[in-house]
Amino acid sequence: MNLDSLKFYSLVSRWTFPKTYPGKIMLVAFIGTHIPLIVLIIDAAFSSATTPRAIVSTLIITLIATLVGTAATLYAIHHLLSPVVLTSKVLRKYLKQRQRTNLPNNFQDEVGTLMADTNRTLGKLDEIIEHLTDYDSLTGLPNRELFQTHLQQAIQTTAEDQQFALIVLDIDSLKEINSTLGRIVGDLLLRKVAQRIISYIEPGDVVARFGGDEFAILRTNIINSDSAIILSNRLLESLSEPFSLYGKEIHCAAKIGITIYPFDGTSIEQLLQNADTAIHQAKQESLNTYQFYSPAINAQLKRILAIKENLRHALKRQELSIYYQPRIEIATSRLVAVEALLRWQNPELGFVSPAEFIPIAEETNLIMPIGEWVLYNACLQNKRWQQEGIAPLRMSVNLSIGQFKQTTLIETIDRILRDTNLDVAYLELEITESLLVKNVEQAIAILRELKKRGISIALDDFGTGYSSLSYLQKLPIDTLKIDRSFVTNIASNPDDAAISKAIVALAQSLELNITAEGVETKAQYHYLQNQGCHEVQGYYFSKPLPSEQLKKFVLSYCGSR
Ligand code: C2E
Ligand code: MG
Ligand code: MG
């Protein structure tokens, strides 16, 4: 914008008298209109001529002075009015083209503040217009367009090891409420729903209203879908509470569809479409549910969550029990040991395999109390059998990484042995190679402590993990357990046979005992016997059994020999 026209105004604005803008205009006009009179007075003062010629000359000078004076006045006033003209132009340009031009805002008088206020007003107008185009007028939340911009940003900025969740929420009964109670009530409901959603939002989340009865939430920088599930559950729970609208209690249900970037899509369109699909899937189900996009993932995640939820109460609700699987010494055919295997029967989930719930117990740290419970009860059971006159057996208990890393492990074991009064010679702990991965030296130190007490140590599932022969030699262990996967085809698959042969040879050279797990057939048993394996465990002898049945098995097994 050309601000040259403001030069004269700028000069005049510095006058301290008169202070006001109209005063300055009036002063300029006053001076301008008095130019002829001043000229006339000067002329009269300097000439005393009274001849007609002199009078005509005075008149001509006066006339010229009047013309010049008027022109100068008009010119000055025109320039003094420039700020008004400029402001008008800026306003017109804004109205016509929505283009904003900044006016100077360093003048203090009335027209100066007019220019500054015009700037501010147009700025505010811009904000309002932007808000109207980017935000939903009913709830004040971002609309679909603005949400998509955030979505695009999330796609661009989410790190490789991170995810984000797009959660779409649909209110079920809005149509009915609109048609039975009227739109005003429906609108109020939407506003209240928006407020409830916002109350569960964390910093960094974006909530939007997509229009109609659909809301969306973007939760970025997550490492798994847990927080999306927790948020969805909270929202569903909160929205199932009745709303008080104009004195009426109104119930409404919601459905939620969840998509996870990058698994369910890597573009805005894909993610939104999949969230839609998920919400449609949720609609097929009962009220107040959430659904992940992928049915398989959905089912899996829901199951994991259900396991997490139920496992927390499993001990308290006495849903856990221990089964015992016999282990036979090949050389003597004697039953020498049993392995304690955890069992979980839950009313909602039915029987859950330890292979499924132990890793979840690890993740949630529930393994500490559960592992301790197993250890205590297995030792107690072993002592009871001895008290009942059964020939003493070694009790083999699986130890998980979480338990192993616990600083109180040794203390706990000491206490359990003391409390159950079990001779330490009848306790064996099974560890897996995975707990040696992070800190072998520390693991060795803990194992030494255990061995010092006379506890036997077995390395479970040998051959499936990060088997490293270099540490094997340093490990204070007594037994290697060949994993079932090698035993299964030992008699038919030369590769598996070769592996088991190598493991047996290795164990022999390290003077370790060798136990084979998962022995199901006579052929497998004979093969392992021929190779020099010491102990075997598997369905060929017995499945894991509850304590009472195990006792019967022991008695009949001994009796049959
Ligand atoms: P694992 O310690 O290797 O236990 C052997 C698994 O093989 C058991 O599965 C057992 O039932 C199964 N098995 C034994 N013989 C045969 C056979 O002949 N054929 C077949 N097909 N399977 C056989 P289970 O009881 O389902 O346990 C799975 C895993 O869960 C265990 O593998 C162990 O790693 C873990 N686990 C079980 N109980 C506990 C526990 O109290 N604490 C910890 N930390 N882990 C446990
Ligand atoms: Mg085991
Ligand atoms: Mg095993």
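Me: How far apart are the mean positions of the positive and negative charges of the protein?
Reply: They are 5 Å apart, for 54 positive and 59 negative charges. Lys and Arg count as positive, Asp and Glu as negative; His and the chain ends are not counted. Each charge is placed at NZ of Lys, CZ of Arg, CG of Asp or CD of Glu. The model is predicted: local features need pLDDT of at least 70, side-chain atom pairs count only at pLDDT 80 or more, and totals for chains, interfaces and linings use all residues. Side-chain values use heavy atoms, without hydrogens and water, and residues are numbered from 1 along each chain as its sequence is written.

Me: What makes a set of residues a nonpolar core?
Reply: Its members are buried Ala, Val, Leu, Ile, Met, Phe, Trp, Tyr and Cys, joined through side-chain atoms within 4.5 Å. Buried means under 20% relative accessible area (1.4 Å probe, protein chains only). The largest core holds 81 residues, and Leu429 and Leu480 touch the most other members. Helix α13 (residues 367-387) gives the most to this core, eight residues; helices are DSSP runs of H or I, at least four residues, numbered from the N terminus. A second, separate core has 37 residues, including Phe243 and Leu245.

Me: How much of the protein counts as buried?
Reply: Of its 561 residues, 47% do.

Definitions and conventions: Chains are lettered from A and ligands numbered from 1 in the order in which they are written. Buried means under 20% relative accessible area, exposed over 50%, partly exposed in between (1.4 Å probe, protein chains only). Helices (H or I, at least four residues) and strands (E, at least two) are DSSP runs, numbered from the N terminus.
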